[in-house]
Amino acid sequence: MKNKIFFLLAMLSCLIVGCKDEDIRYSIERPDDTMHLQVSNEYVELNQKFGKEEAVTFSWNEVTNAPLDSKVTYYFKLDIADNDFGTSIDKMRIPAGEHSVSFTHKKMNALLTKWKIEPGERVTLEAEIIAEIEETDCYVKPELSTVRFDAVGYEIQPYDIYVMGTALEGATDPVNALKMTEEISEEVYTWYGVMKEGDYKFILNTTGQSPSYTQGADGSVVFNEHETGNETPFTINKAGFYVLKLNIEAGTLNADYPTTDYNDVWMVGEATPAGWNIMSSTKLTKDPVNQVAFYYEGLLKTGDMKFPLELKEDWNVAWLMPIENGTHEFGDNRMERIEAGIQGHDYKWNITKEGNYRVTLNMYTMTIDFKLLQSIPDDLPCKEIWMLGDATPAGWEQGKEAFVYDFNVDKGTFYWEGELKAGSFKCPINVDGSWAITCYMPKQAGEDGKASLNMTDVQLVQPNGNDYQWKVEESEAGQYRVELNVLTNKIKFEKKN
């Protein structure tokens, strides 16, 4: 009889709670809150400085009204208050045995940003813990516990990270450390450049070597709040161009050593030694250390230039060109490859200042760098000199035969190299198509206005003055280097054959 009573009581209990196998829906009261969800702070002011530190912690008690031998799984939700959890974070399943969950300053601030809460704006949030009762014969409505608190977010400021060490030229001291690019705020940082054999690490400011990110025992990235002297730096064993990608959130570092498919690069144009003769284009040198770079070091004159990737008489080749036509040497450093046969796109760089340059092309970043090593001094009486006369290859056609400034001899020296034929010439400093030109001429000449190549003293003559010229005899014709110094007013003729 006693067993029958217990059976009837069990059946009545299932009718009150509701049975899984029944199609009939019953209105079931939610169990009383026995978890009592609590928040560590009723007001949380978030701070970027403490990004990885815990800003708020939620804790709760274990449910006490679950049926015996049932399984309880806890889920956590968080949203703006009075929103019925319509924009809540994804429901978080809490690992078995745990009765708390925490959020960092960075994570909480990211949530406020997601909910479109302005930095500095105080907002009330609501958290909820859900206890789902499982593995029972009868359905038990989940137990809920909620709590409210206020939070204020911050406006994200750049979080600077620098790289330093013996592997970087000139960056062994924090003050000279190199700033990385913040690709994802407070998470992913990149830097690329030439590195040599040595070590390196990452620091957060240029006033000291801590805090820092260095190498962990398993090769991961570890954060050091204070310098202890036991930190393990990262190392470079092979010099070259590297791309560093640091993820401080995941604790990873990728140090890539890219390669390039480019084998040869030339340059052509009026700014280059070859002029516009493509078959005589100047070939760039492949950098022996930077495996993705080509360079040229030498004189560039004023004028246009571009870079062919092969040499053909018909000019139907691929090119490296600037993004915008007429880009000057210190303008936009981006370049692009233009394949052979593309019409209507013939962009060129324009060199505006004559001088000795180191030109570096990086085929990984597709950038170009013009570094002016030496420029023509500003205190010279002129910056351009030309050869003009029937003794020169261009005859009396102006603007064809230019002197080049020589940085390797005495200050003020310009030189011209080429063939001198029988005839005469003078050296104008302006060529504009008119004949009102100022010229360097022999200081003295015969009655016919001609002077021999032995006359090495020169004078600068204004338009409508004397028209003295040097005369090249038939027996003197040949290849010459002509040097003219505009400070000493001397000219020198050096025959090469």
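Proline 211 lies in the loop between β13 and β14 (212-215). Strands here are DSSP runs of E with at least two residues, and helices are H or I runs of at least four, numbered from the N terminus. The peptide bond from serine 210 to proline 211 is cis, with omega near -5°.

Some ground rules. This is a predicted model, so to speak of local features we need pLDDT of at least 70, and side-chain atom pairs count only at pLDDT 80 or more, while totals for chains, interfaces and linings use all residues. Residues are numbered from 1 along each chain as its sequence is written, and side-chain values use heavy atoms, with hydrogens and water left out.

Back to the backbone. Most residues other than glycine have a negative phi, and most peptide bonds are trans. Glutamate 186 has a positive phi of about 55° although it is not a glycine. Glutamate 186 sits in the loop between β11 (181-184) and β12. Is glutamate 186 buried or exposed? Buried, at 7% relative accessibility. The cut-offs: buried is under 20% relative accessible area, exposed is over 50%, and partly exposed is in between, with a 1.4 Å probe and protein chains only. Methionine 366 also is not a glycine, and has a positive phi of about 55°. Methionine 366 is in the loop between β29 (355-362) and β30 (367-375).

Next, domains. The assignment gives domain 1 (36-151), domain 2 (160-254), domain 3 (263-373) and domain 4 (402-493). Those bounds come from an automatic or database domain assignment. Take domain 2 and domain 3. Their C-alpha centres lie 34 Å apart. Six residues of domain 2 are in contact with seven residues of domain 3, contact being heavy atoms within 4.5 Å. The area buried between domain 2 and domain 3 is about 510 Å², and carbon and sulfur atoms give 71% of that. Buried area is the accessible area (1.4 Å probe) that two parts lose on being put together, summed over both.

On to charges. Side chains of opposite charge can pair when their charged atoms come close. The structure holds 22 salt bridges. The rule is a side-chain nitrogen of Lys or Arg within 4 Å of a carboxyl oxygen of Asp or Glu.

One of them joins arginine 148 and aspartate 82, at 2.4 Å from N to O. That pair links distant parts of the chain, 66 residues apart: arginine 148 is in strand β8 (residues 143-152), and aspartate 82 is in the loop between β4 (71-80) and β5 (92-93). Arginine 148 is partly exposed at 39%. Aspartate 82 is exposed at 64%.

Another is glutamate 169 with lysine 196, with the closest N and O atoms 3.2 Å apart. Glutamate 169 is in the loop between β9 (162-164) and β10 (178-179), and lysine 196 is in the loop between β12 (188-195) and β13 (198-203), so the pair ties together parts 27 residues apart in sequence. Glutamate 169 is exposed at 65%. Lysine 196 is partly exposed at 34%.

Then glutamate 483 and arginine 481. Their closest N and O atoms are 2.8 Å apart, in a salt bridge. Both residues are buried. Salt bridges that share partners join Asp406, Glu417, Arg481, Glu483, Lys492 and Lys496 into one network.

Arginine 481 has another neighbour to mention. Glutamate 494 is 13 residues away along the chain, yet the two C-alpha atoms are separated by 5.1 Å. Glutamate 494 is in strand β42 and is partly exposed, at 40%. Leaving aside neighbours within four places in sequence, glutamate 494 contacts Gln479, Tyr480 and Arg481.

Last, rings. Rings of Phe, Tyr and Trp (its six-membered ring) pair if their centres lie within 6.5 Å; planes under 30 degrees apart are stacked, over 60 edge-to-face, and the rest tilted. The count comes to 23 aromatic pairs. Why is the pair of phenylalanine 425 and phenylalanine 493 edge-to-face? Because their planes are at 75°, with the ring centres 6.0 Å apart. Phenylalanine 425 is in strand β35 (residues 423-425) and phenylalanine 493 in strand β42 (residues 490-495), 68 residues apart. Phenylalanine 425 is buried at 0%. Phenylalanine 493 is buried too, at 16%. Elsewhere, Phe58, Phe76, Phe103 and Phe149 form one aromatic cluster.
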